[in-house]
Amino acid sequence: MRHIRQISLLTAILILAGAVASCGNSETGGAQTTDDTGTTANETTTSPLDPGIEAVDCGGREYTLLARVNGDSFCFPYAEFFAEEETGDPLNDAVYKRNNYIEEKYNLKLNIETVENVSFAAAASIMAGDNEYDIIFPGHQEAFEMMKKGQLLEVSDFPHVDISKPYWMRGVMDSTSVMGSRFFLTGDLNLQSLNSIGVIYFNKKLAEDNGVGDLYGMVRSGEWTLDKFSECCRGVTADLDGDGLDADDRYGLTTNGFAWQPFLAGCGTTLIGKDKDGSFTFDWDSEKNVGIITHVISLLNDHESVMLVNQNAELQSKYGGIGEASIAMFREDRALFWIEMIYASAQQRDMDSDFGFLPMPKYDDRQESYMSYMHMGWSTTSAVPVTNDDHDLTGRLLEDMAWKSSETVRPAYYDRTLQGKISRDDDSGEMLDIIYSGLNIDPSIIMAASLPIDAKMRGFLIDGKDSFISEIAANKEKCVGLIEKINTTVEEVLQTQGKLAGSPRVR
């Protein structure tokens with residue numbers, strides 16, 4: 001059906017420059033195909049969300065997508081665009097049908113290239129002036145750095161793209177926008193973003209054996225807060241071998257230094273904010289943030305209830321790393337809770353004890369809703385290189401791919417894989433609905449390559465520092481300067497592209 005080619009990071013090379021001609025308007029060619037939603041390739045009215053974009057005939061030309069190879073079975077287990085044929089696997093077949101729909105409707109061939117590092121390969125092409133890649137799918141942090149270098153087009157007003165539609169993750173895009181402008185779009189076509197949401201896993205056996213109470217009920221009643229979470233953690237800690245608490249014992253929670261990110265997301269705060277013009281601002285030292293950081297550091301350094309594996313060399317050595325140590329403790333019934341991304345659930349399907357999903361706790365019971373975290377390194381987004389000269393076709397394909405993904409890929413992932421195969425009860429399905437209902441993205445995480453905030457926050461947790469306020473103050477001037485530089489850089493990129501900088505473009 002389509003030509004699919006995998007290339008490695010080491011073999012990413014510059015290709016001869018060339019421009020791709022725009023497609024002419026006409027009726028779509030090719031035979032009709034029907035997917036599992038009942039939608040045929042040239043129907044536009046079956047689904048109420050169908051954007052109804054008119055087909056154009058591309059005469060069989062190739063259209064090249066650059067995506068990440070799914071070589072990491074833990075953090076990146078699914079191919080977002082690589083599906084050469086139907087295999088019976090729900091996700092593979094959903095991706096295949098989505099891609100086939102696009103090819104049939106627009107009479108084109110999707111040339112899907114997969115690499116280890118999307119930004120590296122794309123940048124090489126862009127710097128050579130090539131029009132090699134039409135759409136790229138980098139990680140969010142990669143995309144942010146490409147934006148700063150002027151390698152991506154601002155796509156807020158791309159033709160046919162309507163980010164108000166539910167198949168786009170509007171909250172993620174609003175959080176990562178600057179001056180109201182967007183250089184990358186995240187939606188249901190980005191399977192890895194759906195798969196990179198942070199959750200709390202809990203061991204049902206330990207919860208029942210230790211009389212923790214109805215955890216699902218706590219979430220439903222709104223009382224699932226940091227204080228309640230801390231209380232539950234303290235209720236299961238035990239010295240299993242009688243020689244004092246150590247790496248071989250049972251704890252309420254196992255996690256590592258990244259945990260500040262999902263905790264603060266759950267509390268509904270960010271360390272980098274926005275001013276009225278949409279420019280980034282320094283909020284690390286706000287009264288609210290200082291209070292939340294204090295609470296989280298205290299919680300994660302309660303050695304009577306939490307195993308922060310960064311602090312235990314024995315555990316790391318025994319299991320081969322901080323991530324592996326937490327997984328082992330959870331699977332061995334030695335931790336009631338474990339904080340990790342949804343993507344880890346696929347590898348827990350053979351766990352002996354039943355497990356469930358919970359959202360991150362709210363800061364307190366005055367917080368209206370639960371908020372969730374998305375990993376900015378492993379999640380992916382959709383971006384258009386500055387060398388792309390066919391904005392009309394690109395806008396059509398982005399919108400149709402996002403919509404069609406909501407009809408095929410998202411149900412295959414969310415309904416048939418997460419809720420159908422992995423979750424072990426109906427309650428977990430309800431919890432997943434809550435988890436996915438509200439995402440809180442901290443720009444400081446997407447800026448990790450530019451700002452020291454993430455590294456410092458991990459250090460605060462691992463070192464158990466109660467003097468972090470002075471460290472924030474010592475880093476404030478540097479951070480403010482870097483943030484201002486980012487704002488200025490983006491404004492210059494917008495000006496270069498003929499966009500009106502400094503004026504909100506949110507619609």
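User: What is the handedness of the crossing of H14 and H15?
Analyst: In this predicted model, helix H14 covers residues 409-422 and helix H15 covers residues 426-437. Their axes come within 10 Å and cross at roughly 140°. The crossing of H14 and H15 is right-handed.

User: Are H14 and H15 roughly parallel, roughly antiparallel, roughly perpendicular or oblique to each other?
Analyst: The axes of H14 and H15 cross at roughly 140°. Only angles over 145 degrees count as roughly antiparallel, and the roughly perpendicular range is 65 to 115. H14 and H15 are therefore oblique.

User: Which residues of H15 meet H14?
Analyst: On the side of H14, the residues involved are Arg-410, Tyr-413, Tyr-414, Leu-418 and Gln-419. Their counterparts in H15 are Gly-429, Leu-432, Asp-433 and Tyr-436.

User: How are H1 and H14 oriented to each other?
Analyst: The axes of H1 and H14 come within 8 Å and cross at roughly 170°. An angle over 145 degrees counts as roughly antiparallel. H1 and H14 are therefore roughly antiparallel.

User: Which residues of H14 make the contact with H1?
Analyst: H1 contributes Pro-90, Leu-91, Ala-94, Val-95 and Arg-98 to this contact. From H14 come Val-409, Ala-412, Tyr-413, Arg-416, Thr-417 and Lys-421.

User: Which residue of E12 is the bridge partner of Thr-254?
Analyst: Strand E8 pairs with E12 in the parallel sense. Tyr-251 has Ala-335 of E12 as its bridge partner. For Thr-254, the partner in E12 is Trp-338.

User: Which residue of E12 stands opposite Phe-202?
Analyst: E7 and E12 pair in the antiparallel sense. Seven of the seven residues of E12 are buried. The residue opposite Phe-202 is Phe-337.

User: Which residues have the most contacts inside the largest nonpolar core?
Analyst: The largest nonpolar core has 118 residues. Helix H18 (residues 468-496) gives the most to this core, with eight residues. A second, separate core of 32 residues includes Cys-58, Ile-135, Leu-153 and Val-161. Inside the largest core, the most contacts belong to Trp-224 and Phe-337.

User: How are H8 and H10 oriented to each other?
Analyst: The axes of H8 and H10 (residues 287-300) come within 11 Å and cross at roughly 5°. Leu-226, Asp-227, Phe-229 and Ser-230 in H8 meet His-295, Val-296 and Leu-299 in H10. Angles under 35 degrees count as roughly parallel. H8 and H10 are therefore roughly parallel.

User: Is Asn-107 buried, partly exposed or exposed?
Analyst: Asn-107 lies in the loop between helix H1 (90-106) and strand E5 (109-115), and its phi is near 50°, a positive value in a residue other than glycine. Most residues other than glycine have a negative phi. Buried requires under 20% relative accessible area and exposed over 50%. At 26% relative accessibility, Asn-107 is therefore partly exposed.

User: What is the phi of Asp-333 near?
Analyst: Asp-333 is found in the loop between helix H12 (322-331) and strand E12 (335-341). Its phi is positive, in a residue other than glycine, and is near 60°.

User: What distance separates the C-alpha atoms of Gly-268 and Asp-442?
Analyst: Gly-268 is found in the loop between helix H9 (260-266) and strand E9 (272-274). Leaving aside neighbours within four places in sequence, Gly-268 is in contact with Lys-288, Gln-367, Met-371 and Asn-440. Gly-268 and Asp-442 are 174 residues apart along the chain, and their C-alpha atoms are separated by 9.5 Å.

How values were computed. Residues are numbered from 1 along each chain as its sequence is written. This is a predicted model: local features need pLDDT of at least 70, side-chain atom pairs count only at pLDDT 80 or more; totals for chains, interfaces and linings use all residues. Side-chain values use heavy atoms; hydrogens and water are left out. A nonpolar core is a set of buried Ala, Val, Leu, Ile, Met, Phe, Trp, Tyr and Cys residues joined through side-chain atoms within 4.5 Å. Buried means under 20% relative accessible area, exposed over 50%, partly exposed in between (1.4 Å probe, protein chains only). Helices (H or I, at least four residues) and strands (E, at least two) are DSSP runs, numbered from the N terminus. Two strands pair if DSSP finds at least two bridges between them. Axes are lines fitted to C-alpha atoms, for helices over the stretch in contact, and angles run from 0 to 180 degrees between N-to-C directions. A crossing is left-handed if the near helix is turned anticlockwise from the far one by less than a right angle, and right-handed if clockwise. Contact means heavy atoms within 4.5 Å.
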